[in-house]
Amino acid sequence: MKQIKVEQGNEFRIYGRRIIEDDIFLNAYKQAAAILEDIVIASDSEKDNTSSSQGADMSPPDFLNNIIAFTGERGQGKSSAMTAFTNTLTDGIPSSTIIKFDSRTEAHMFIKLDKIDPTTFDNINNILEVIVARLFNSFEKLYKKNKSKINIDAKNTIMQLFEKAYESICLGRNANLLSNIEMDYETNIQKLAYVSNGTSLQNTICELIKEYLILYQKVNGIDKAPFLVVPIDDLDINIDYAYQMAEQIRKYLIIPNVVIIMAVNIEQLKLCARNQFHKNLSSMKADRNEAELDARAISMAAKYIDKLIPDGRKIALPIISTFEESGRDAISLIYNNRQGENLLIKYAGKGLQDTLLGFIFDQTQIVFVPRRKSFGVHLIIPSTLRELVNLLSVLGKMTNLPEKKEGTYKDILLQNLHVFENFFINTWCANNLDYGNMEIIQKIYRESPLNMHRYVSSILMDIMEKTSAYTTDKTSPLLPSKYALRTLKDKISDKKADPLLNNLGDVMLLLDILSYRYVSHQIQSLVFSIKVIYTITLKRIWLTQDEQSSQERPSDPSTFHKFLGSSLWSETTVGLLRDNRDVFEFNPSVTLFGDESENRKNASSVKEDEFPKVLQLAYLCDFPVESSRVPIPEYSRSLYPGNSSIVKTARFNLSNLLISAVDYEYLPYKTGLNYNADYKKYLDMFKNGIIEDSLLLILSNYELIELIQTDFSLYNRAAKEGMTEGEYLNDFIDFLNKLLHNISYFSEDEKSKVLIENLFQQSLVKIFANSRENSSEAGENKSKSRESRSEVRILAEEDWDNLEPKFRKRYDTAKNTVSKTIDNPREQPPSGQAEISEICSAPYFQKSVLNLAYILAHYGNRQDSPVPFDDELKNMVRDLYAKSAVIISRDGRSTKITESMWIAFNECVNKINSNIG
């Protein structure tokens with residue numbers, strides 16, 4: 001496993017004193033060693049050729065390219081890689097046991113100049129001058145240390161070469177120097193000498209370095225012939241003079257016995273060259289065509305850089321996140337404190353993603369759910385070394401959370417969250433979002449929490465209306481139809497009158513649609529940014545709300561409860577995105593009291609021994625307002641509103657299992673029994689039934705809430721279609737208790753936590769089992785006293801003409817509604833499978849019949865070639881839709897259709913398929 005070692009307190013220094021075992025750039029170093037062997041062979045061959053020929057002062061040929069370039073984006077580790085390879089090379093090749101150099105390379109030794117950083121150069125200083133100056137300093141040190149070994153002739157020879165090189169460099173830097181020389185005989189000869197020196201500067205530099213290396217070898221008594229290593233860092237950053245410096249390297253430093261090792265961003269260097277070529281071309285043409293000039297400048301720059309640094313000399317450093325994605329070269333992250341202790345030892349062997357996500361969780365309690373290998377790595381995982389050490393620095397400066405969640409725990413966690421929030425907004429978002437999306441995040445960040453849902457919903461709907469890039473075909477079943485989007489927009493828009501009418505579920509649904517619907521890295525980054533802001537906001541609200549405030553708000557939910565809203569996944573989720581069946585509607589009176597329901601309409605008649613059952617129902621259910629266009633938060637309506645008669649409809653919502661547990665004090669007011677103090681002793685059953693730490697871990701982390709939604713909707717889905725409320729709840733609780741095992745970086749202790757205690761689970765599930773028994777008993781009693789009504793129910797499968805007047809009205813209304821759908825043209829046919837393979841619930845059946853109506857509307861009303869559907873088929877579709885509407889209204893949403901309806905539906909499907917081919 002490859003390693004990245006970072007030292008706390010020194011995170012931002014350049015690493016790479018030398019190559020270490022399991023280095024993440026080990027393959028790059030091996031590639032560099034192979035390139036070095038080619039350079040040495042070419043240099044030795046050139047030296048042999050020039051020594052045997054008469055023209056010893058001839059310039060070296062073009063094939064001798066002596067550059068090794070570590071390339072990549074900013075922060076990718078180029079400087080560290082360059083430093084590590086250079087130090088390993090110059091510290092002595094035989095001592096390197098990690099990188100095996102080839103035989104020709106091992107036959108030489110390598111000495112280096114100090115690293116050259118061109119970022120501070122200007123038109124006064126240039127790279128060639130700095131190299132000569134540093135070589136002179138090295139010579140001075142060598143001479144002072146070894147005066148007795150260097151004779152005066154050798155010293156004078158090399159000093160003359162230094163002087164000659166410096167004069168030529170000055171001449172090239174200041175062309176006006178020639179014009180200052182008077183034109184007499186002697187000065188003309190001097191001018192010719194200057195010109196000669198300038199044109200032969202490459203030979204002068206070559207001879208100077210050659211003499212220095214010979215002297216170095218002789219003085220130190222070395223058998224191996226030395227090479228001079230010139231490390232150059234970030235040549236491309238000096239935008240104004242990068243091209244000029246590249247030219248100096250090309251003209252004067254592509255010479256034998258020299259190895260240039262660079263850390264450079266190739267694309268940025270091409271841009272610098274492009275700007276220079278564009279400037280030169282612009283001055284040459286009077287009638288400038290900007291597009292043509294720019295295209296030619298781009299082409300010239302690409303060819304120039306490819307000649308300066310050919311592909312065979314470029315070493316592209318990998319992005320660190322790709323190691324994790326590949327699954328073959330996992331990275332072990334080591335973060336040592338000043339005492340040499342690895343702060344991440346608990347994650348040893350878990351890879352970069354799990355280590356970083358675990359460290360974030362340890363310091364902030366923010367859960368980022370690891371992505372599956374086939375989906376890459378989590379968006380929070382840095383791509384470059386610089387981003388990685390920046391994140392480690394932020395996390396390393398945080399105070400470690402106490403093991404016990406008491407005392408200063410909340411204050412420390414709040415401070416850590418604040419530090420992480422600043423990093424995320426000002427660094428992660430700034431690096432990953434464009435200006436427009438960054439502005440959106442800044443506005444959301446400044447919004448008050450209880451207005452955040454409405455504000456975010458409005459922004460997301462605007463984006464969906466203005467963006468038209470799709471990830472898949474528009475008819476994909478993963479994407480909501482245009483009709484569904486219009487319905488969604490209407491429902492959410494209706495809530496804008498009051499910010500509290502929006503809930504977390506509305507935002508979750510919109511973000512989900514946005515993630516599936518649009519192709520854009522920016523959209524994905526924006527969605528992720530909003531999720532993180534929600535997580536931080538959830539945690540901050542929970543940590544800062546006053547626990548004593550419940551005494552001051554006896555009939556009002558807590559702030560955390562209000563922010564979560566009435567549902568984690570929103571009622572609009574049902575039937576729109578994933579057909580989540582997390583809602584069941586029923587008559588609470590029958591569920592609670594069975595055949596005694598008529599005597600329990602008034603709250604004052606509820607007995608004390610019935611309190612637990614009433615509390616359980618209020619805990620798991622909402623009591624929606626009937627016949628209201630604008631939805632009201634369900635927590636504002638009690639089971640016994642105003643201590644009067646019991647409500648007629650209860651809606652079981654899975655998310656209440658989690659939401660109700662964060663606000664026990666409000667539970668009695670949700671029942672409407674708060675006038676009676678005896679209920680308080682039953683609250684302990686709820687408080688002891690759920691592990692609070694695990695509950696808050698879920699509810700304060702957006703990605704965990706999302707994980708529940710996505711995984712549970714796919715979890716054993718086929719079996720859920722026929723489940724009762726109790727079976728569905730039982731299945732959901734079992735799923736929640738296994739949820740923490742999906743987080744790979746959690747400790748075994750965290751994975752062993754049980755969210756819902758078994759006894760409490762049995763107690764909650766039992767109420768729905770009793771509900772079935774009560775409903776059955778109530779039906780038997782009513783059949784004895786009301787035979788006529790019973791007869792209608794018994795004959796419901798075959799005799800739809802004998803409906804009660806109110807259900808007949810519902811039948812006719814539904815039939816008229818679907819008739820309008822069939823008769824109106826529709827642009828796109830619905831997506832998804834038409835057939836129903838088994839008897840299903842009435843709501844699912846109704847939705848499927850509506851899809852058939854959409855198909856009839858699309859194909860039957862086309863202007864070009866309408867399909868002639870017969871009236872019998874249309875009437876069958878109308879009839880089936882109306883029957884399902886009656887079943888839902890009369891018997892509840894969990895009721896199944898009859899077999900005859902199922903057969904009739906598939907008959908319609910076969911007729912439609914035969915008509916449209």
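Helices (H or I, at least four residues) and strands (E, at least two) are DSSP runs, numbered from the N terminus. β4 and β5 (residues 258-264) pair in the parallel sense over six bridges. Two strands count as paired if DSSP finds at least two bridges between them. Strand β3 (residues 108-112) is also joined to β4, by five bridges, and these two strands run parallel. Here F227 in β4 is the bridge partner of F110. β4 (residues 225-233) is largely enclosed by the rest of the structure, because eight of its nine residues are buried. Buried means under 20% relative accessible area, exposed over 50%, and partly exposed in between (1.4 Å probe, protein chains only).

The model is predicted: local features need pLDDT of at least 70, side-chain atom pairs count only at pLDDT 80 or more, and totals for chains, interfaces and linings use all residues. Residues are numbered from 1 along each chain as its sequence is written, and side-chain values use heavy atoms, with hydrogens and water left out.

The chain holds 36 helices and 10 strands. Of its 917 residues, 52% are buried. Its accessible surface comes to about 42900 Å², and carbon and sulfur atoms hold 48% of that area. Accessible areas come from the Shrake-Rupley method with a 1.4 Å probe; for residues, only the protein chains shown count as cover. Among contacts in the chain with a separation of 6 or more, 78% join residues 24 or more positions apart. Contact means heavy atoms within 4.5 Å.

The largest nonpolar core has 170 residues. F70, F85 and F420 have the most contacts inside this core. Helix α19 gives the most to it, with 13 residues. A second, separate core of 60 residues includes I158, I169, Y216 and L253. A nonpolar core is a set of buried Ala, Val, Leu, Ile, Met, Phe, Trp, Tyr and Cys residues joined through side-chain atoms within 4.5 Å. In soluble globular proteins, nonpolar side chains tend to be buried together.

A further parallel pairing links strand β1 (residues 2-7) with β7, over six bridges. K2 stands opposite I331 in β7. Strand β7 (residues 331-336) is mostly covered, with five of its six residues buried.

Helix α15 (residues 435-446) has 12 residues. From first C-alpha to last it reaches 17 Å, close to the 16 Å expected at 1.5 Å a residue. The expected span is 1.5 Å times one less than the number of residues. N437, M438, I440, I441 and I444 of α15 are buried. They lie on the same side of the helix, because they cover an arc of only 155° around the axis. The arc is that of the directions from the helix axis to the C-beta atoms. An α-helix has 3.6 residues a turn, so residues three or four places apart point the same way. The buried residues of α15 pack against α14 (409-432), α16 (449-466) and α19 (521-544). Y435 and R446 are exposed on the other side of α15.

Helix α4 (residues 127-145) has 19 residues and reaches 27 Å from its first C-alpha to its last, close to the 27 Å expected at 1.5 Å a residue. Its buried residues include I127, L128, V130, L135, F139 and Y143. E129 in α4 is buried as well.

E387 is found in helix α13 (residues 385-396). Its relative accessible area is 31%. E387 and G75 are 312 residues apart in sequence and 7.0 Å apart in space, C-alpha to C-alpha. Not counting residues up to four places away in sequence, E387 touches P382 and N431. C206 lies in helix α7 (residues 201-220). At 22% relative accessibility, C206 counts as partly exposed. Between C206 and N257 the separation is 51 residues in sequence and 8.5 Å in space, C-alpha to C-alpha. C206 is in contact with I255 and P256, leaving aside its neighbours within four places in sequence.

Positive phi values occur at two loop residues. D234 has a phi of about 55° although it is not a glycine. D234 is found in the loop between β4 and α8 (242-253). Its relative accessibility is 14%, so D234 counts as buried. Q365 has a positive phi of about 65°, and it is not a glycine. The loop holding Q365 runs between α12 (351-364) and α13. Q365 counts as buried, at 14% relative accessibility.
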